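Please keep the sequence and the model in view while reading.

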Amino acid sequence: MAGKVSFDRNRCKGCELCVAVCPKHIIALDAATNVKGYHPATVERMEECTACASCARMCPDSVITVERV
Ligand code: SF4
Ligand code: SF4
């Protein structure tokens with residue numbers, strides 16, 4: 001099962017909880033900042049995502065949407 005993960009970029013506070021929980025270690029903080037001045041989370045190597053949704057469950061602000069593709 002592959003996944004497609006999207007982030008509500010401007011609501012992310014860069015807390016890195018999703019970075020820590022991803023079993024595939026494919027989430028990282030973007031070098032650029034969002035409108036709040038935080039470095040938002042993003043997925044690198046989306047092709048490795050398994051759609052486990054651990055990141056979405058962990059995010060305290062419901063920033064992350066995971067779709068199965
Ligand atoms: S759905 Fe799972 S594998 Fe995909 S980015 Fe989130 S935690 Fe990582
Ligand atoms: S857990 Fe949510 S708020 Fe924290 S870095 Fe990840 S997407 Fe952003």
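The largest nonpolar core has 13 residues, of which Cys-18, Ile-27, Cys-55 and Ile-64 touch the most other members; such a core is a set of buried Ala, Val, Leu, Ile, Met, Phe, Trp, Tyr and Cys residues joined through C-beta atoms within 7 Å. A residue is called buried if 20 or more other C-beta atoms lie within 10 Å of its own, exposed if 12 or fewer, and partly exposed in between, with C-beta atoms placed from the backbone. At least two residues of this core come from each of β1 (3-7) and β3 (41-43). In soluble globular proteins, nonpolar side chains tend to be buried together.

This is a predicted model, in which local features need pLDDT of at least 70 and side-chain atom pairs count only at pLDDT 80 or more, while totals for chains, interfaces and linings use all residues. Residues are numbered from 1 along each chain as its sequence is written, and chains are lettered from A and ligands numbered from 1 in the order in which they are written.

From the N terminus on, the elements of the protein chain follow the order β-α-β-β-α-β, where helices (H or I, at least four residues) and strands (E, at least two) are DSSP runs, numbered from the N terminus. Along its principal axes, the C-alpha trace of the protein chain spans about 35 × 20 × 20 Å, and buried residues account for 22% of its 69 residues.

Apart from neighbours within four places in sequence, Cys-55 is in contact (C-beta atoms, placed from the backbone, within 7 Å) with Val-5, Cys-18, Val-21, Cys-22, Ile-27 and Ile-64. Cys-55 is also among the closest of the 16 residues that surround ligand 1, together with Cys-22, Cys-49, Cys-52 and Ser-54; a residue counts as near a molecule if its C-beta atom, placed from the backbone, lies within 6 Å of it. β1 and α2 (54-58) each supply at least two residues of this shell.

Around ligand 2 there are 14 residues, with Cys-12, Cys-15, Cys-18, Cys-59 and Val-63 coming nearest.

Technical notes
Two residues are in contact if their C-beta atoms, placed from the backbone, lie within 7 Å.
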